[in-house]
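Here is a note to read alongside the structure. Please keep the model open while going through the points.

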Amino acid sequence: MTLDAAIEVRDLTKSYRNGLLRRRFEALRGVSLRVERGEIFGLLGPNGAGKTTLIKVLLGIVRRSGGSASLLGRAAGDRLGRMKVGYLPENLRIANHHTALTALEYYGKLSGLSWQEIKSERFRLLESVGLADRTRESVKKFSKGMLQRLGLAQALLHDPELLILDEPTDGLDPVGRSHVRNVLMRLKAQGKTIFLNSHLLQEVELICDRVAILDRGLVKVAGNVHELAGEQTEGVELELVVAASDDVVRASLGARDVASCHPNRDGTVRVVLQLADQAAVDQCIDDLRSSGVSIVGLSRRRVTLEDAFLKLFAEDARTVG
Ligand code: ATP
């Protein structure tokens with residue numbers, strides 16, 4: 001028996017009506033994607049691309065205009081399906097009179113959990129998100145990062161199979177982000193599926209198996225994070241630190257594509273080159289050496305997801321411009 005996908009979206013559309021004239025605006029224009037069970041999937045895209053709208057349709061918060069969407073084999077918005085889903089909204093507002101513990105009691109009851117179930121889980125969960133020593137403190141005193149972690153505990157309370165997280169590490173400091181990453185990796189190890197929307201591409205690259213990049217209501221590209229980064233660049237980006245003046249370096253490199261060439265404080269020069277292939281790398285080293293340039297450091301620059309993302313949208317800007 002094959003299991004249904006964690007999330008399956010086909011030709012999904014969503015139009016909003018705006019303004020006095022009720023003009024139609026298409027926030028989603030035919031999105032298709034599939035998230036397998038057990039993976040961490042990142043939803044990326046510039047502001048206004050339609051990410052939150054897609055999440056809201058999946059959760060049944062807004063109604064789709066066309067196409068189909070299902071979660072764990074049930075239609076998006078279905079009440080039984082929704083009980084297997086944990087959700088962390090972008091700006092979860094927790095009423096000021098709560099402590100971390102009473103907030104979990106409140107959200108647990110809303111999810112239909114019994115007092116016994118809430119009681120047996122709440123301390124363990126607060127510990128897992130790093131709030132073990134703040135359990136009885138008023139959330140009024142919580143920083144944005146602490147509220148975010150409490151929100152994550154709230155999303156996990158009913159032990160959901162699928163987690164949908166809107167900007168889970170927004171507002172967290174580096175230690176807090178690493179903490180949340182570890183929590184998400186532990187959940188993945190337990191077989192949970194995580195679907196997250198984030199603008200922090202370094203974070204996404206560290207934890208996501210696959211991503212989809214939305215642009216103006218459509219999936220622009222989708223795939224494995226590392227393949228995507230590789231796909232968006234041709235050739236090799238080489239970074240060299242050489243002991244020579246930048247004039248000598250430029251003269252020995254000739255007409256090669258020098259992305260940058262800056263002197264360092266210690267008298268060396270840092271050069272970044274765009275080269276076609278390994279043969280071009282070898283030739284470049286030969287030329288520098290035969291001009292008497294001493295190579296102090298050499299590294300092949302890794303293309304990050306952020307590089308790939310910026311390149312993808314820079315190409316569009318050029319086409320439009
Ligand atoms: P961000 O990264 O800024 O959070 P997003 O990718 O989540 O953006 P959405 O919030 O889904 O984007 O919005 C997509 C488009 O739909 C935007 O142009 C937005 O103005 C529009 N939109 C969103 N909600 C509504 C609404 N309730 N009524 C009308 N238009 C809306």
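**Notes on the model**

1. D215 counts as buried, at 10% relative accessibility. Buried stands for under 20% relative accessible area, exposed for over 50%, and partly exposed for what lies in between, with a 1.4 Å probe and protein chains only. The side chain of D215 meets that of K220 in a salt bridge, 3.7 Å from N to O. A salt bridge is a side-chain nitrogen of Lys or Arg within 4 Å of a carboxyl oxygen of Asp or Glu. K220 is partly exposed, with a relative accessible area of 28%.

2. Before going on, note what kind of model this is. The model is predicted: local features need pLDDT of at least 70, side-chain atom pairs count only at pLDDT 80 or more, and totals for chains, interfaces and linings use all residues. Residues are numbered from 1 along each chain as its sequence is written, and side-chain values use heavy atoms, with hydrogens and water left out.

3. The protein chain has eleven helices and 14 strands. These are DSSP runs numbered from the N terminus, where helices are H or I with at least four residues and strands are E with at least two. Along the principal axes, the C-alpha atoms fill a box of roughly 75 × 50 × 50 Å.

4. Of the 321 residues of the protein chain, 45% count as buried. The chain's accessible surface comes to about 16700 Å², and 49% of this belongs to carbon and sulfur atoms. Such areas come from the Shrake-Rupley method with a 1.4 Å probe; for residues, only the protein chains shown count as cover. Among contacts (heavy atoms within 4.5 Å) with a separation of 6 or more, 68% are between residues 24 or more positions apart.

5. How many salt bridges does a search of the whole structure find? The search finds 18. One of them joins the side chains of D209 and K188, at 3.0 Å from N to O. This pair links distant parts of the chain, 21 residues apart: D209 is in the loop between α7 (201–207) and β9 (210–215), and K188 is in helix α6 (residues 174–189). D209 is partly exposed at 27% relative accessibility, and K188 is partly exposed at 25%.

6. Another salt bridge holds the side chains of E137 and R134, also with an N to O distance of 3.0 Å. R134 is partly exposed, with a relative accessible area of 28%. Elsewhere, E8, R10, R34 and E36 are linked in a network of salt bridges.

7. Now the ligand. There are 13 residues around the ligand, and N18, G48, K51, T52 and T53 come nearest; a residue counts as near if one of its heavy atoms lies within 4 Å. This shell divides into five nonpolar, seven polar and one charged residue. Here Ala, Val, Leu, Ile, Met, Phe, Trp, Tyr, Cys and Pro count as nonpolar, Asp, Glu, Lys and Arg as charged, and the others, Gly among them, as polar.

8. Which elements supply at least two residues of the shell each? They are β1 (7–18), β2 (23–35) and α1 (51–59). The most comes from α1, with three residues.

9. A backbone N or O atom of A49 lies 3.1 Å from a ligand oxygen. A polar side-chain atom of K51 lies 2.8 Å from a ligand oxygen, and an N or O atom in the side chain of T52 is 2.8 Å from one. Taken alone the ligand exposes 630 Å², and the protein buries 65% of that.

Methods
Polar contact = N/O pair within 3.5 Å; in protein donor to acceptor, adjacent residues only side chain to side chain.
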